[in-house]
Amino acid sequence: MDFEFSDLQNDIRAGVREVCSRFDLDYWRHSHEEHTYPTEFVKAMSDAGWLGALIPEEYGGSGLGFTEGAIILEEVNRSGGNSNQVHAQMYTMGALLRHGSEEQKRKYLPQIANGSLRLQTFAVTEPDAGTDTTKIKTFAEKKGDRYIINGQKIFISRFNNTDLMLLLARTTPLDKVEKRTHGISLFLIDTREVGNGIESTKISTMLGGDTNQLFFNDLEVPEECLIGEEGRGLYCVMDGMVAERILVSGSALGNGKWFIDQAVKYANERVVFNRPIGQNQGIQFPIAQAYMELQAAEALMYKAATKFDNNLQAGAEANMAKYLCSEAAYHAAEACMQTHGGYAAANEYHINRKWMQARMMKIAPISSNLILSYVGQHVLKMPRSY
């Protein structure tokens, strides 16, 4: 196993850092506090080709793998940015590339690759179903060559800043299927053409940004919007979710490294009682421990990404990587907070904003408890806990 990054991967890191260097911490603080979408940053990343990195070259992208995708998002967060504003365009490729029709790919991927079209929304979660996706109630009824969709989704990110949306809906009622994972379909919706079919209501969250509750009211979409086979959408989504776990792990890893960088810098510079505080074990040890946790989590994340890129089963590794990266990043955040003391609460240091990002990654897009349940049941073969 090669533990060194290739020249190409190192060049990717350098290229992403160059773009990120144009957007300082105050840019991200303003985006956070004013709840504005980082349009300029998204355009810069698109123009540089980084948001189309996973799209095959034949459709105008760079044809890179999810290993490189994780590197890109890691560098965004390590720069002090917020990759949550752009990552959906990358992880949705897991479902679209593997299960989308050739017509869908040729129609949309070149525009996504050049940045003229955004695919930034993945509508799965519902108020009552939560992470029990088989219990979703949003329903798409087939009528002729069209589907009529009714229902609602919650905690849907970036809806007001996207052109396309992946939507998961039932096409067969739960009580009419042999397996509860059947009868769910995946759709690629052009949000520019929905008219009054979708009503959105913003949800205010601690992270700011564009988070919404969506209501579908007799939304009509052509059957060409269906991705994969009708009733098999949950299996299409699984690829998207594995991809999401890997990329979110990269984002968490970037956060963790940012916290370590800030903590080490401050610990070396801050002098109390005539000595740098980093000389004190009470400061030094938590930072060192968080750093080691990040190193271990990083190794598992790249194992997951490598397996996924080689079309191997990577669900277990991707879930465990997401757990370990988010936990390690949070421990780094806590160490950074403690190192800065009262200054960590001051907005000018940006630590409180990034701390919120790190904390949210323990519960989104999937909570740490559910990953523990997954590992207990599917990896260790213990009885189902829920």
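Which residues of α9 are buried? The views below are taken from a predicted model, in which local features need pLDDT of at least 70, side-chain atom pairs count only at pLDDT 80 or more, and totals for chains, interfaces and linings use all residues. Residues are numbered from 1 along each chain as its sequence is written, and side-chain values use heavy atoms, with hydrogens and water left out.

**View A. Helix α9 and its buried residues.** Helices are DSSP runs (H or I, at least four residues) numbered from the N terminus. Just after α9, N311 adopts a positive phi of about 60 degrees.

**View B. The aromatic pair of W28 and F41.** Rings of Phe, Tyr and Trp (its six-membered ring) pair if their centres lie within 6.5 Å; planes under 30 degrees apart count as stacked, over 60 as edge-to-face and the rest as tilted. The count comes to 12 aromatic pairs. For W28 and F41, the ring centres are 4.9 Å apart and the planes stand at 75 degrees, so the pair is edge-to-face. Both W28 and F41 are buried. Ring pairs link F23, Y27, W28 and F41 into a cluster.

**View C. Charges over rings at F308 and W258.** A charge sits over a ring if NZ of Lys or CZ of Arg is within 6 Å of the ring centre and within 35 degrees of the ring normal. R98 lies over the face of F308, 4.0 Å from the ring centre. The charged end of K354 sits over the ring of W258, at 5.7 Å from its centre.

Methods: Buried means under 20% relative accessible area, exposed over 50%, partly exposed in between (1.4 Å probe, protein chains only). Helices (H or I, at least four residues) and strands (E, at least two) are DSSP runs, numbered from the N terminus.
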